[in-house]
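Here is a briefing on one protein chain. Please keep the sequence and the model open while reading.

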Amino acid sequence: MQSTLSLSSSSAAAGITIRSNGGANDAFNTATATTPNQLRFCGLRKEAFSGCKSAKNNAVLVKRFRRKSEVVFASLSGNGNGSTSSAGGFDYDLVIIGAGVGGHGAALHAVEKGLKTAIIEGDVVGGTCVNRGCVPSKALLAVSGRMRELQNEHHMKSFGLQVAAAGYDRQGVADHAENLATKIRNNLTNSMKNLGVDILTGFGAVVGPQKVKYGTVGGTETVITAKDIIIATGSVPFVPKGVEVDGKTVITSDHALKLETVPEWIVIVGSGYIGLEFSDVYTALGSEVTFVEALDQLMPGFDPEIGKLAQRVLINPRKIDYHTGVFATKITPAKDGNPVRIELIDAKTKEPKDTLEVDAALIATGRAPFTQGLGLESVNVETQRGFIPVDERMRVIDSKGELVPHLYCIGDANGKMMLAHAASAQGISVVEQVSGKDHVLNHLSIPAACFTHPEISMVGLTEPQAREKAEKEGFEVSIAKTSFKANTKALAENEGEGIAKMIYRPDNGEILGVHIFGMHAADLIHEASNAIALGTRIQDIKYAVHAHPTLSEVIDELFKSAKVKSDVPSAVAEPVAV
């Protein structure tokens, strides 16, 4: 998802627009810390995938950092705390409400900084991404990718391969997704325990400045204090009015990931990331799919040129049809021998348009923040369409527009960018701040991907967004493109379908956006993402060397094909905060 996007919905009130807030700036602690050897992290930290060596050998992990010119050592061992004591008499230096990918990333970085840290989780560790999102969906998409390849007789013959009819075991596919989620969830839990994060079980809520309670509904509650608090409660599937979800024939992504059935004909309401990925899975397993999209075109959040190509490859040749410019005002589950019934109206005139009777319906109209019951009223905070208002440093803003001291919100709950790795990056940014180092995250440098076959990825602005910005600020925009058809590795794989597109400024070489459709696009986007994050210009990065033959040469050729004015100095600009 891009830094600004709209999630399509099936009712007029269902549009959720992700926004980026600005906010006031305040003084930061002048104490600085040297950067320790960095633990590698992305959406899921490295520790989530491998055992902690220090824990396995019962050794002590020693982190060294500098504070006010003094060298301090924090010892972490076994299942103890990341610090022997917290600052100012608090129970913890940092308490995080929510143990999803965002909370996990923040917790591990806090331990690295020597902070005594606790994380509160009322459901299961891993949040939406691990249990009901990114992780199990990638397991299903791995199956769909292999099924597509095995079912494509022409593709297999081009390699000189002969394959018998491919089939699948539905329960085996479902088990693969569940087993992967369980494995990653356990790894996340163990990584936090091994590094000294206290995992507190229960529903967490703010009860006042620097105070949090946790416990079960109707049960015992415990109040703890913390120097700083991060809210990282994530989101839930958004279900528009008029839609009756029964979890069997009318489902959300939470239900679909269990793959309890593979319907013959399923309607997917919404053609964004979630809808596209599930269309890939269902059609590979034999379903017919019908998209219902409120806007006038499919895939409204993507760069229009990429969207048109993706439609030609991912939609038109498959058992998929679609209705655009319509709302699903009422969806009734199948019962008493009757099919699922979907009533459509024109999105503009609101006149009745059509009625569909199908085997199942998947509601893929985006996600809504999970922010109820967090005790925000105790610190005078009011949500905006459910989102917790924050500034560019993720500091929570109260109803008077003032910053709430020591309270932060990251991830889907603040609505800046509803991606798991964005939540993790925001959490790490907050930990940098509470450790005494100012840090502002550039959301335009955060990549996004749709794991269809082929994949779609993007970072920065779409072409229309870039041209609008250029018109307002008075600069030129240029476009560079390269094709997978010219890439040796792609041709060796018989996967030449795809393009890479870069939007940039020819006057100074600034990269405004990169969009890729093709094989392993989700992996290729990061060179462009890092260039934007570091402020690297085209005239510098075009000299980077790429191994041959690799898919990365698609990006290499993209940079080399750009035309930047020859008199532009080769200087690295400061990243722009948004």
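Helices (H or I, at least four residues) and strands (E, at least two) are DSSP runs, numbered from the N terminus. This is a predicted model, in which local features need pLDDT of at least 70, side-chain atom pairs count only at pLDDT 80 or more, and totals for chains, interfaces and linings use all residues. Residues are numbered from 1 along each chain as its sequence is written, and side-chain values use heavy atoms, with hydrogens and water left out.

**Whole chain**

- The chain holds 16 helices and 27 strands.
- Of its 578 residues, 54% are buried. Buried means under 20% relative accessible area, exposed means over 50%, and partly exposed lies in between (1.4 Å probe, protein chains only).
- Contact means heavy atoms within 4.5 Å. Take the contacts between residues at least 6 apart in sequence: 66% of them join residues at least 24 apart.
- The accessible surface is about 25400 Å², and carbon and sulfur atoms account for 51% of it. Accessible areas come from the Shrake-Rupley method with a 1.4 Å probe; for residues, only the protein chains shown count as cover.

- Strand β19 spans residues 360–363 and is covered on both faces. A360 and L362 are buried on one side, A361 and I363 on the other.
- Two strands pair if DSSP finds at least two bridges between them.
- Strand β12 (residues 250–252) pairs with β19 in the parallel sense, over 3 bridges. Here V250 stands opposite A361.
- Strand β13 (residues 265–269) also runs parallel to β19, joined by 4 bridges. In this pairing I268 faces L362.

**Helix α10**

- Because 12 of its 15 residues are buried, α10 is largely enclosed by the rest of the structure.
- The buried residues include A422, I428, V431, E432 and V434.
- Their packing partners are β5 (92–97), α2 (101–112), β10 (221–231), β21 (395–397) and β22 (403–409).
- Just after α10, G436 takes a positive phi of about 105 degrees.

**D228 in strand β10**

- D228 lies in strand β10. With a relative accessible area of 3%, D228 is buried.
- Not counting residues up to four places away in sequence, D228 touches D93, L94, V95, H406, Y408 and V434.

**Y322 in strand β15**

- Y322 belongs to strand β15 (residues 320–324). Its relative accessible area is 35%, so Y322 is partly exposed.
- Leaving aside neighbours within four places in sequence, Y322 is in contact with T290, F291, L298, Q311, I315 and N316.
- Y322 and V267 sit 55 residues apart in sequence, yet 9.0 Å apart in space, C-alpha to C-alpha.

**A nonpolar surface patch**

- L150, F159, L161 and V163 make a nonpolar surface patch of about 310 Å².
- Patches are made of residues with over 30% relative accessible area and no salt bridge; like charges are joined within 9 Å, nonpolar side chains (Val, Leu, Ile, Met, Phe, Trp, Tyr) within 5 Å. A salt bridge is a side-chain nitrogen of Lys or Arg within 4 Å of a carboxyl oxygen of Asp or Glu.
- V163 sits in the loop between α5 (153–158) and α6 (170–194). At 42% relative accessible area, V163 is partly exposed.
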